[in-house]
Amino acid sequence: MIHENIENAQIQNVQVTDDLEKLLAILPENLRLLLNQHAQRDQLVEVVMDLGRRPEARFPDRAEYLTEQVISREELDYVVEHVGLFSGDNRAGIERTLHRISAIRNRTGTIIGLTCRVGRAIFGTIGMIRDLVETGKSILMLGRPGVGKTTALREIARVLADDLDKRVVIIDTSNEIAGDGDVPHPAIGRARRMQVATPELQHQVMIEAVENHMPQVIVIDEIGTELEAQAARTIAERGVQLVGTAHGNQLENLMKNPTLSDLVGGIQSVTLGDEEARRRGSQKSVLERKAPPTFEIAIEMQERQRWVVHEDVAQTVDSLLRRREPTPQVRTVSDSGKVTVSRELSKLPLTNNSLSRAPLSADVVGWRASGQMLPLPILSEPEPADLYSGAEDSRVFSETGEEILQVYPYAVSRQQMEQVIRALNLPVALTKDMDNADVVLALRSHIKGHSKLRHIAQARQIPIHTVKASTIPQITRALRRVLQIDEPGMPVPELSLFSQADSEDEMEALEEARLAVEQIVIPKSQQVELLPRSASVRKIQHELVEHYRLRSRSFGEEPNRRLRIYPD
C-alpha cells in the first residue's frame, strides 16, 4: 500500500446520543428490567421478539436470550400499543427518537414478530470523508445492512446544514433518518425533513422536494427502485447535490444490478468499428458505460472504521468494464481519532481456481504442468506497468522455479487472453515488449499485411502463432497448442466445430448465440431472443446452447422463426 498524508488527520471526539430509555420503556416490564441491568446495555443493537420464542438481545459481537420464558401475544400487543403507526413497509417509531420497530406479519396481517432496533445519533462519524462532503459532489454510500449507512447519512445532513450553511432537504421514507413524529430529531441540525406516505411514492417526493423547496442538497436513504434511480438522475442534472445510500457491498454489485446500474452511469453493449477494436485489442462487441454517473463519488463502507473511497466513479466503472483493477482510496480511523488514507495498487488478477487447482499429474513438468502453477510472486509491489517493462533479464519465473512463457499479442484481445490464462491457470504472461517475448500470437487477417512485425519476429527467431478470430475458443486452442497441452482444462466451445459449411452467416449466428449466453443469459439469468435464422442455422445454434448446458427453443413462423435461450 502507498500511504498518503492528508490534512486534518485528527477528527473530533465522537459523541453518541441514543435515547435508550425511551426504547426500553415500550418493552414489557420483565425485559426492561433485564436490559437495564445488563453489563452491555449501552452497546445494545436490537431486541427481537417473536411469538412463541424466547426474546433475544443482539450486541455488536454476539446475541443472547434474555429469559427462558417465550413471548406471548399480550407482550407483542403491549409493544405495538406504545409505538406509532406501522407504515406500508411495516416500520414504526417512537416520537422524537431514532429507534425503529419493524413488524413481521402472518398471512392475515396479524403481527407475530417485532425487531426493536436502537437508533443512535453519532456526532463526528464522518471525519474520514469530511473533505469529500465539502466538495459539493454527489456521494453514494454502499454497505451491508447494519454497517452504519443511515447514521453516516444523518451526520452528513447535519454537517451540510449547520457547518456549511446549505439548504438541505431529507427524504425520510421510514422516518429512520430524522425519527418518528412531526418534529424531526435534533441530530439532523437545521436540515428539513419531508416524510413519505408510502414507500412507492418516494420517487415523487424526491422530485417534489426539488420543485417546491429549492434545496441545494437532497439526502435520501435506500435508493432501491428504477423510478428512484431515475428521479435521482433528474435531480443531479438540475445541479442539486445528492447524498444517498444503496444496499450492495461494492460498486460492482451496482453495475450488475439492472435496477440500480443507472446510478453509476448504466451499462450497454456497443459494437466497435474495425479500427477501434484493433486499437483496443478487443472483440467488436464490448460493454461500455451508457452515461455520466448520477453520483460522482462512491464510498464502500466495509466496516465502521474502514471505508473504501472511489473518488471518480466514472473512471472506476470504465476500468472495471475493461477488466482493469481500480485503485481506490482506503480510509481508516483509529480509536484515538487519527485518520489514515492509503491506496492499494492493483495486482495481477487472481481467481479461486488459480489458488486451489489440483495438479494434472505428479509426473508432468514444465509448461505442461499448468495445474501446478502458482500466482507470480510480487516482491516489491511494482506499478502495474512495471510487470510488462523490458528489463535486462526479461525472464519470469513461478514460485516453483519454472519459466513462464511470455506472449506478445497483436490485434488479439488482451482481456480475453488474460481470461483464458486465469481460467486454465496457464504458465503464461503477456508482454508489451517484443524484446521479452517468447511467442507472438496474432490475428491472422492482420499479420498478413504487417511485414515489419514478421521481419522483426524472424530476425529475433520468435515464432508467430495465429488465430482466425479474437475469441475465447480460438485463443484457448492457440495457447494450448503453443504449450503442447493435450488435456482439456475447461469446456470452452470452438465455434468452427459447430459450423457445418463454415459460412459467414453460420459463424455470425454462432457468435450472436455465444455473446447472448456469456453476456446476458448466464451472468444476468435472463432469457434472450436471437435474430430470425434459417432452419439449418438454428440447428447449429441449438447445439452451441446445449454445449453451455442451457435450454433453447425455436418459436415464431417462417421466415421470422428464431431461437429463445433460457437460463438454467
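A: We can begin with L260, which is found in the loop between α8 (251–256) and β15 (267–271); helices (H or I, at least four residues) and strands (E, at least two) are DSSP runs, numbered from the N terminus. This is a predicted model, in which local features need pLDDT of at least 70 and side-chain atom pairs count only at pLDDT 80 or more, while totals for chains, interfaces and linings use all residues. Residues are numbered from 1 along each chain as its sequence is written, and side-chain values use heavy atoms, with hydrogens and water left out.

Q: Is L260 buried or exposed?
A: L260 counts as buried because its relative accessibility is 5%, where buried means under 20% relative accessible area, exposed over 50% and partly exposed in between (1.4 Å probe, protein chains only).

Q: And which residues is L260 in contact with, leaving aside neighbours within four places in sequence?
A: With those neighbours left aside, L260 is in contact with I223, G224, T225, A246 and L254, contact meaning heavy atoms within 4.5 Å. G224 is 36 residues from L260 along the chain, and their C-alpha atoms are separated by 7.0 Å.

Q: Switching topic, where is the place of R538?
A: R538 has its place in helix α18, and it counts as buried because its relative accessibility is 6%.

Q: How does α18 pack with α17?
A: Helix α17 (residues 504–524) and helix α18 (residues 535–547) pack at an angle of about 35°, with their axes 9 Å apart. Axes here are lines fitted to C-alpha atoms, for helices over the stretch in contact, and angles run from 0 to 180 degrees between N-to-C directions.

Q: Which residues make that contact?
A: On the α17 side they are D505, E506, A509, L510, E512, A513 and R514, and on the α18 side V537, I540, Q541 and L544.

Q: Zooming out, how many helices and strands are in the protein chain?
A: The protein chain has 18 helices and 27 strands, and 47% of its 568 residues count as buried. Among its contacts between residues at least 6 apart in sequence, 61% join residues at least 24 apart.
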